[in-house]
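Subject: Structure handover

Hello,

Please find the structure below. My notes on what was found in it follow.

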Amino acid sequence: MKKLITALCLATGLTGFAQGNNYVQDYTKYQNLALTPPMGWNSWNKFACNVDEKMIMQMADAMVATGMRDAGYTYINIDDCWHGDRDAQGFIHPDAKRFPSGMKALADYVHSKGLKLGIYSDAGSQTCGGRPGSRGFEFQDAQQYAAWGIDYLKYDWCNTEGLKAEGAYKTITAALKKAGRPIVLSICEWGTDKPWEWGQNVGHLWRTTGDIYNCFDCIEDHGTWKSWGVMQIVDMQKDLRKYAGPGHWNDPDMLEIGNGKLTPGENRAHFTLWAMLAAPLIAGNDLRTMDAETLEVLTNKDVIALNQDKQGTQGFKVSATDGLEVWAKPLQGGDWAIAFLNRGTVNKTVDFDWSKNEIKDTDFGFSTNFATTTYNLKNLWDKKDKGTATTKKVFKTMVPAHDVVVLRLTKKK
Ligand code: GLA
């Protein structure tokens with residue numbers, strides 16, 4: 001018998017490997033789709049399950065009319081609840097009442113505006129909103145999205161009984177590759193299984209936390225799960241920056257700017273921190289009706305430039321004293337961004353003596369050198385030049401409660 005098996009193995013060439021481990025599947029994502037953090041809009045924070053094609057088309061129109069497209073926002077992303085049923089062959093179709101023209105027509109419309117269309121699914125048997133999930137249908141769903149002309153997939157983690165995250169996300173990234181259309185993969189597994197450790201070649205961004213809640217500094221308890229205010233989410237980003245870089249980003253969730261609960265100062269702080277964190281900038285408000293203050297925050301080109309800096313280095317907290325935090329972000333060409341965040345409820349004055357505050361980035365090896373380099377200073381919210389940073393100078397400013405002051409330090413040539 002043993003001889004027979006050996007002869008069979010030799011005849012079929014089946015020798016010299018462990019059982020079942022010889023097939024090499026390509027589990028890598030499409031490259032170069034998110035060399036800077038993705039920018040766009042998503043329906044969930046404002047509209048939850050209330051999505052339809054008319055609203056999505058209007059949002060694309062508003063993205064253009066408001067100047068957001070020109071400021072860099074590209075993706076119009078439909079979140080949960082667009083789904084109808086699967087057909088007899090298992091292909092998913094949109095809810096025919098909400099999307100009567102179909103997804104291909106919607107993608108064509110969004111593309112005609114110079115924008116891209118994103119969609120949402122879930123690794124489990126149902127989405128978080130109870131719609132059909134992709135489990136068991138991954139390759140068919142990817143084919144369908146590709147045929148529709150989808151450019152971005154947010155892939156959630158509800159109802160995933162028995163699944164392991166890394167494997168499940170590798171399955172969908174392989175399916176997208178096979179489907180043949182470059183699609184950004186947004187891993188939405190809430191940080192539970194440390195996606196930063198395995199996500200770099202699987203997806204383009206990964207959620208680091210549970211859902212954001214529309215408040216500056218609070219926790220919302222839903223019983224079996226919690227959602228998190230802006231400050232709580234910021235605190236959860238600790239120690240994750242070394243995993244991010246061009247093509248693979250930490251995602252601290254979508255923006256709540258313009259959704260009615262944050263003050264103008266809190267909106268600025270939220271936007272500035274997401275820029276400093278090299279986070280995806282996915283607006284979550286109604287672009288059709290936003291006020292001037294919201295638009296001004298979302299389209300601040302200097303703050304966006306920090307976020308979209310091609311070096312792609314995530315910023316970090318330098319110090320925290322009595323509710324006043326100093327944040328720094330190394331930028332290309334030796335420039336820096338420095339933000340002063342006042343988390344407290346009273347205004348604070350800052351006397352920042354450059355000679356005592358050389359900044360060192362211990363993860364990536366960047367450092368300032370105020371002794372030998374002069375940097376021009378610009379305040380990116382009041383848009384005024386603030387002289388220079390050198391060891392002979394002190395930067396003085398007032399940071400209002402729940403607000404931020406952010407400077408760009410441009411190396412003087
Ligand atoms: C989860 C995600 C959210 C949103 C909802 C949709 O909670 O984390 O961002 O997509 O599901 O049901």
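Is Cys 81 buried or exposed? Cys 81 counts as buried, because its relative accessibility is 0%. Here buried means under 20% relative accessible area, exposed means over 50%, and partly exposed is in between, with a 1.4 Å probe and protein chains only.

Before the rest, a word on the source. This is a predicted model, in which local features need pLDDT of at least 70 and side-chain atom pairs count only at pLDDT 80 or more, while totals for chains, interfaces and linings use all residues. Residues are numbered from 1 along each chain as its sequence is written, and side-chain values use heavy atoms, with hydrogens and water left out.

Disulfides

A disulfide is a covalent bond between the sulfur atoms of two cysteines. In the search, a pair of cysteine sulfur atoms within 2.5 Å was taken as a disulfide. Three were found in the whole structure. With the bonded cysteines numbered in sequence order, they pair as 1-2, 3-4, 5-6.

The helices (H or I, at least four residues) and strands (E, at least two) are DSSP runs, numbered from the N terminus.

Another disulfide joins Cys 128 to Cys 158, with an S to S distance of 2.1 Å. Its torsion about the S-S bond is about 100 degrees, so this disulfide is right-handed. Cys 128 is in the loop between strand E5 (116-122) and H6, and Cys 158 is in the loop between strand E6 (152-156) and H7, so the pair ties together parts 30 residues apart in sequence. Cys 128 is partly exposed at 39% relative accessibility, whereas Cys 158 is buried at 18%.

The sulfur atoms of Cys 215 and Cys 218 are 2.0 Å apart and form a disulfide too. This link has -100 degrees about the S-S bond and is left-handed. Cys 215 is buried, with a relative accessibility of 12%, and Cys 218 is partly exposed, with a relative accessible area of 22%.

Cys 188 is buried, at 1% relative accessibility.

Helices H6 and H7

Two packed helices are described by the angle between their axes and the distance between the axes. The axes of H6 (residues 138-148) and H7 (residues 165-179) come within 8 Å and cross at roughly 45 degrees. That makes H6 oblique to H7. Axes are lines fitted to C-alpha atoms, for helices over the stretch in contact, and angles run from 0 to 180 degrees between N-to-C directions. Under 35 degrees counts as roughly parallel, over 145 as roughly antiparallel, 65 to 115 as roughly perpendicular and the rest as oblique. The crossing of H6 and H7 is right-handed, that is, the near helix is turned clockwise from the far one by less than a right angle.

In the contact (heavy atoms within 4.5 Å), the H6 residues are Glu 138, Phe 139, Ala 142, Gln 143 and Ala 146, and those of H7 include Thr 171, Ile 172 and Lys 178. The residues of this contact divide into eight nonpolar, two polar and two charged. Ala, Val, Leu, Ile, Met, Phe, Trp, Tyr, Cys and Pro count as nonpolar, Asp, Glu, Lys and Arg as charged, and the others, Gly among them, as polar.

H6 is mostly covered, with eight of its 11 residues buried. Among them are Asp 141, Tyr 145 and Trp 148. The buried residues of H6 pack against several elements, including E3, helix H5 (103-112) and H7. After H6 comes Gly 149, with a positive phi near 95 degrees.

Most residues other than glycine have a negative phi. Ala 48 has a positive phi, near 45 degrees; Ala 48 is in the loop between H2 and H3 and is partly exposed at 30% relative accessibility. Asp 239 also has a positive phi, near 70 degrees. Asp 239 is in the loop between helix H9 (230-235) and strand E11 (249-251), and counts as exposed at 53% relative accessibility.

Regards
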